[in-house]
Amino acid sequence: MYKLLIADDEQIVIDSLFFIVNKSFPGIFSIESARSGREAIEKAERFIPDIIFMDINMPGINGIEAIRELRNKLLDCVFIILTAFDQFDFAKDALKLGVSEYLLKPVNREKIISTLQKSIDDIEKERAKRKKELDLKEKMENILPVLENGFIYSMLFLDDNSAELESYRNIFEIEETGGYIMTVEFAQSNDCGKMVNRIGLSIKSQSFYPYLRDILKARCRCFVGPAILNRIIVYIPAETETDEYSRRLEAVNIAEQIHSQISQKVDADFYIGIGRCYSGFDNIYLSYEESLRAIRFINGTGILHIMDIPIEKELPAEKYPISKEKLLLEKVALGERESSTQAFCHIFEWLTVEYYGSVNKIRSKLTEIMILISRLAYDYNITGNLSSIDFISELQALDSLTELKHWCLERIDYITNGISESREKKTNTLIIKAVEYIKENYRTEITLEEVSKEVNISPHYFSKLFKDEMGENFIDYLTNLRINAAKEIMKSSLMSVKEICYEIGYGDPNYFSRIFKKAVGVTPTEYRDSILYMNKDGVS
């Protein structure tokens, strides 16, 4: 139903319009009327009409002034002037106010109906457009967190990321020259001051993540990463030309407001660490590492900017992630590049936080790790520039964290790819040897266990490798091999079905017949008869 307001000082005009509208559009309109400009304004503000018929010459406030008063309040309303004044100035003012129609009295019934119908059509088009815009906005609101998560991940954890980051810059219309990282970390400490219950906090952080995101978005333009365990990473674009101290105060002010609001909502301790502002995206990971370092200096809960840490203060030691080092070596040995890269990045992040500012210490530990990884390369006989003397010299020549990380990741990539290819080649060799053995022994009662023993790997692992390489399991391959052999025998000899059964490795003729029919579609006897028939037909 649509709302219609008729504003005219002549009751006969109002009554006529009432009659025409109700008769031509039954049940479509809810109608109210006004006899003056002031009454029209007051009723329109209360009634919120979709369409207004407005006379110009009314007592007090005229129709043009009433429309001017209502236009900003009723943005979607359709105004139709119905007047006896045929004056250019009125028409010009009406045009400026966005009036839909300017009708001169007297107006016939058909014109009233067509004008109303056009107004309805315009309203529906506008509503459809608005609905489409809202649907699109809703979809964007749903997809925006996913895009932001990808942006944060690409910026901090991927190396070859220039193309992706340029795409994100265009999508998000980022014009600022730089930015910084603010990390929010939720904590629950035991009596010894150690972090505990990370998984529980991770689950809890998921529940208040939308709330935190809304707070951040309301306070500043930012990009919010996913809740990873008990940590949420936020990237805030900023101009690098701005005075460093002023920018630091602004960042701390943002963090204080966020801290204040979260404290009222979240039942958990939490810290906010802030890194320095860096130009472009290439060094943003340094701001992230600084934000983590800042968090580790906070006593209790609260906020700390990396620039507010006293230089002479030493970072408390934290246990080296030996489990990640073991995982790294395990994944490299399996030739799994992506998992190896992730494990290395975790260790590298720990080193940059633990030995902040000491490239020598970080390089020394990376050298130890890379020696262990290089030994795996020797085990798989991977050739190339892998001399320990050469790579130690190369590492010692690198002075920046970016170069060290890039060099190590390149070497890990080279070694994991080499190991993967070596393992694949070894697998191919094993399967080739297994297939040759099967072809030589399929006439016997050969088993999976027998073949796996021949190639010296466990039956379970052999079964998986065989299917991955051959596209079918061991039994299906052996069955097809035997059936094809039986068909060839039938084409070239007069051996009985029973003799053929024993010849190809089966011990039960009935079982052989069932297997043959399942594979070929006919029994061995029917297949042989068809061959004899075709041969006889060819001779005749």
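## Overall picture

How many of the 540 residues of the chain, as a percentage, count as buried? The share is 43%, where buried means under 20% relative accessible area, exposed means over 50%, and partly exposed lies in between (1.4 Å probe, protein chains only). This is a predicted model, in which local features need pLDDT of at least 70 and side-chain atom pairs count only at pLDDT 80 or more, while totals for chains, interfaces and linings use all residues. Residues are numbered from 1 along each chain as its sequence is written, and side-chain values use heavy atoms, with hydrogens and water left out.

The chain has 20 helices and eleven strands; these are DSSP runs, numbered from the N terminus, with helices (H or I) of at least four residues and strands (E) of at least two. Among the contacts in the chain with a separation of 6 or more, 65% are between residues 24 or more positions apart, a contact being heavy atoms within 4.5 Å. The accessible surface comes to about 29700 Å², and 51% of that belongs to carbon and sulfur atoms. Accessible areas come from the Shrake-Rupley method with a 1.4 Å probe, and for residues only the protein chains shown count as cover.

## Salt bridges

The count of salt bridges is 30, each one a side-chain nitrogen of Lys or Arg within 4 Å of a carboxyl oxygen of Asp or Glu. One to look up in the viewer is Glu10 with Lys105, at 3.6 Å from N to O. This pair links distant parts of the chain, 95 residues apart: Glu10 is in the loop between strand E1 (2–7) and helix H1 (11–24), and Lys105 is in the loop between strand E5 (101–104) and H5. Glu10 is partly exposed at 37% relative accessible area, and Lys105 is partly exposed at 23%.

A salt bridge within a helix is also there to see. Lys118 and Asp122 both lie in helix H5, four residues apart, about one turn of the helix, and their closest N and O atoms are 3.1 Å apart. Lys118 counts as partly exposed because its relative accessible area is 38%, and Asp122 is partly exposed at 30%. Returning to Glu10 and Lys105, salt bridges that share partners join these two with Asp8 and Asp55 into one network. Glu69 and Lys73 form a further salt bridge, with 3.4 Å between the closest N and O atoms; Glu69 is partly exposed at 40% relative accessibility, and so is Lys73, at 47% relative accessible area.

## Buried residues

Ile67 sits in helix H3 (residues 63–71). Is Ile67 buried or exposed? Ile67 counts as buried because its relative accessibility is 0%. Leaving out residues up to four places away in sequence, Ile67 touches Met54, Phe79, Ile81, Leu97 and Val99. Met54 is 13 residues from Ile67 along the chain, and their C-alpha atoms are separated by 8.1 Å.

Ser452, in helix H15 (residues 448–454), is buried with a relative accessible area of 1%. Beyond residues up to four places away in sequence, Ser452 touches Ile457, Ser458, Pro459 and Phe462. Phe462 is ten residues from Ser452 in sequence, with 5.9 Å between their C-alpha atoms.

Arg482 belongs to helix H17 (residues 474–492). Arg482 is buried yet has no salt bridge, and the nearest side chain of opposite charge, Glu445, is 7.7 Å away. In counting charges, Lys and Arg are positive and Asp and Glu negative, while His and the chain ends are not counted. Neighbours within four places in sequence aside, the contacts of Arg482 are Tyr442, Thr444, Glu445, Ile446, Ile504, Gly505 and Tyr506.

## Surface patches

Patches are made of residues with over 30% relative accessible area and no salt bridge, joining like charges within 9 Å and nonpolar side chains (Val, Leu, Ile, Met, Phe, Trp, Tyr) within 5 Å. The place of a charge is taken as NZ of Lys, CZ of Arg, CG of Asp or CD of Glu. Glu173, Glu175, Glu239 and Glu241 form a negative surface patch. Glu239 is found in the loop between strand E8 (231–238) and helix H8 (244–265) and is partly exposed, at 31% relative accessible area.

A nonpolar surface patch is formed by Leu136, Met140, Ile143 and Val146, with about 360 Å² of accessible area together. Leu136 lies in helix H5 (residues 109–157) and counts as exposed because its relative accessibility is 53%.
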